[in-house]
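Subject: Structure for you to look over

Dear colleague,

I am passing on the structure that we talked about, together with some notes on what came out of going through it. Please have it open while you read, and follow the residues along as they come up.

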Amino acid sequence: MKGLKFDEVVALAQQLVRIPSPNPEGDTAQVASFVRSYLERAGIESEWIEPHPGRVNIVSTLVGRDPGPHIVLNAHLDVFPVETEEGWSDDPLSGVVRDSRLWGRGANDMKAGAAVFIELFRSIAEQGSALCGRLTLMLVCDEESFGEYGSRWLLANRADLAGDVLLSTEPGGLGLVRTAERGMVWAEVKFTGRGGHGAHPVREVNALARARRFMDAVDATVAADGVDAETFLVPHHQQERYDQNMGKGAYDHVRAVTANFGEVTAGVKINMQPAAAMVKVDVRVPPGLSSEERLQRLRDIAADLEGEISVLNFIEPNVTGSELKYVSIFRDIVDNRGGQAAVTGPSPGCSDARLWREMGVPAISYGPYPHGMGGVDEYCELSELEVVAQVHQEFVTKVLLTGGNA
Ligand SMILES: [Zn+2]
């Protein structure tokens with residue numbers, strides 16, 4: 001691989017995995033400090049941006065001699081916490097390479113992807129004189145908690161960091177260029193009742209019974225909701241290819257509205273009717289539909305049952321048009337490597353890329369398959385990571401090292 005040395009990507013990814021940065025707590029000072037020194041040793045200066053104690057972002061920009069587009073490389077330094085070390089074959093922070101895989105928390109989400117961007121940035125810095133336009137490396141502190149002090153903060157406070165196109169190495173499948181994401185409504189609903197003795201149950205006084213009716217009603221509305229396969233962003237004939245990349249059944253999921261009840265609390269004693277109940281629901285909304293409308297439905301259902309609803313998080317579905325120049329350049333590069341036409345489509349989940357789409361900046365995510373993401377024995381397949389590195393390198397080279405006229 002010209003310019004970018006893959007063995008150095010792997011060595012760097014191993015070192016990043018070994019530095020803990022779980023979110024929560026979301027303290028990235030240690031890993032950011034490592035990255036800053038690493039860049040410094042390569043003669044690259046970077047900014048240390050810490051909007052909140054411990055929430056550290058590292059940003060660096062290369063400015064070419066001639067004008068051209070501005071590409072932003074975004075990766076997050078925070079990772080999911082390790083719930084339990086039980087079941088792991090190695091220490092979750094081992095960063096060991098075995099069977100051509102990198103193992104450990106954050107191996108695919110997304111320290112390997114961060115290592116790709118750091119090394120890509122370094123290799124472009126070394127070829128500095130050929131650069132037309134700008135290249136920004138943005139390593140952020142809190143993607144796992146929606147970017148309050150990371151990407152969202154940086155975009156709100158630094159207009160120079162939006163760029164003309166955003167690249168992300170968030171994990172996914174190698175045949176899928178992700179240009180969209182589902183939206184999301186997180187809500188907490190509280191129900192109250194008068195309570196009473198468990199031997200004389202009266203549904204009207206039992207807050208948990210109301211919570212259950214709420215959940216049934218939400219399930220019913222969600223089951224009837226979604227985008228028709230014929231009109232969905234990913235055409236129906238690409239269903240199989242989409243599922244190959246995102247897992248069996250993913251196509252049906254990603255065009256559906258889904259609801260998950262992640263937390264329910266109620267009651268203090270078996271023979272008492274709960275006087276208070278709380279439900280937290282996570283509703284996902286595919287491109288083509290409106291999160292605002294789904295929130296209104298939740299409000300209506302809650303109101304019917306005299307529930308008090310609070311919105312915990314709200315994101316509309318977001319899309320970068322597949323016809324855009326940067327998307328077609330990127331897709332062509334993937335096509336040429338894969339031998340089969342790449343699918344352009346949405347992720348089932350959310351990432352920081354949405355923040356660029358919300359500003360009208362094209363955003364493309366392309367990364368290694370998320371083996372064990374958030375679970376035990378997370379790993380990154382190095383052969384996949386190498387393709388990811390090659391594809392992003394080719395894109396940046398094509399757009400910034402040829403006068404920006406690609
Ligand atoms: Zn991620």
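Helix 1 passes helix 3 in a right-handed crossing, where right-handed means that the near helix is turned clockwise from the far one by less than a right angle, and left-handed that it is turned anticlockwise. Helices here are DSSP runs of H or I with at least four residues, strands are runs of E with at least two, and both are numbered from the N terminus. Before going further, please note that this is a predicted model, in which local features need pLDDT of at least 70 and side-chain atom pairs count only at pLDDT 80 or more, while totals for chains, interfaces and linings use all residues. Residues are numbered from 1 along each chain as its sequence is written.

To return to the helices, the axes of helix 1 (residues 6-18) and helix 3 (residues 107-126) come within 8 Å and cross at roughly 130 degrees; axes are lines fitted to C-alpha atoms, for helices over the stretch in contact, and angles run from 0 to 180 degrees between N-to-C directions. That angle makes helix 1 oblique to helix 3 (under 35 degrees counts as roughly parallel, over 145 as roughly antiparallel, 65 to 115 as roughly perpendicular, and the rest as oblique). On the helix 1 side, E8, V9, L12, A13, L16 and V17 meet A107, K111, A112, A114, A115, V116, I118 and E119 of helix 3, a contact being a pair of C-beta atoms, placed from the backbone, within 7 Å. By class, this contact has eleven nonpolar, no polar and three charged residues (Ala, Val, Leu, Ile, Met, Phe, Trp, Tyr, Cys and Pro count as nonpolar, Asp, Glu, Lys and Arg as charged, and the others, Gly among them, as polar).

Helix 3 also holds M110, which a cis peptide bond joins to D109, with omega about -15 degrees. Another cis bond runs from P24 to E25, with omega near 15 degrees, and E25 lies in the loop between helix 1 and helix 2 (29-41). These bonds deserve a careful look, because most peptide bonds are trans and most residues other than glycine have a negative phi.

D99 counts as exposed because it has 8 C-beta neighbours inside 10 Å, whereas S100, with 13, is partly exposed (20 or more means buried, 12 or fewer exposed, and anything in between partly exposed).

As for the domains, the assignment gives domain 1 (6-181 + 318-400) and domain 2 (183-315), with bounds from an automatic or database domain assignment. Their C-alpha centres lie 32 Å apart, and 13 residues of domain 1 are in contact with 16 residues of domain 2. On the domain 1 side, strand 8 (176-181) and strand 16 (343-347) are the elements that give two or more residues.

Finally, V319 in strand 15 (residues 318-319) is partly exposed, with 16 C-beta neighbours inside 10 Å. Leaving aside neighbours within four places in sequence, V319 is in contact with T179, A180, L233, P287 and R357.

Best wishes

Notes
Contact = placed C-beta atoms within 7 Å.
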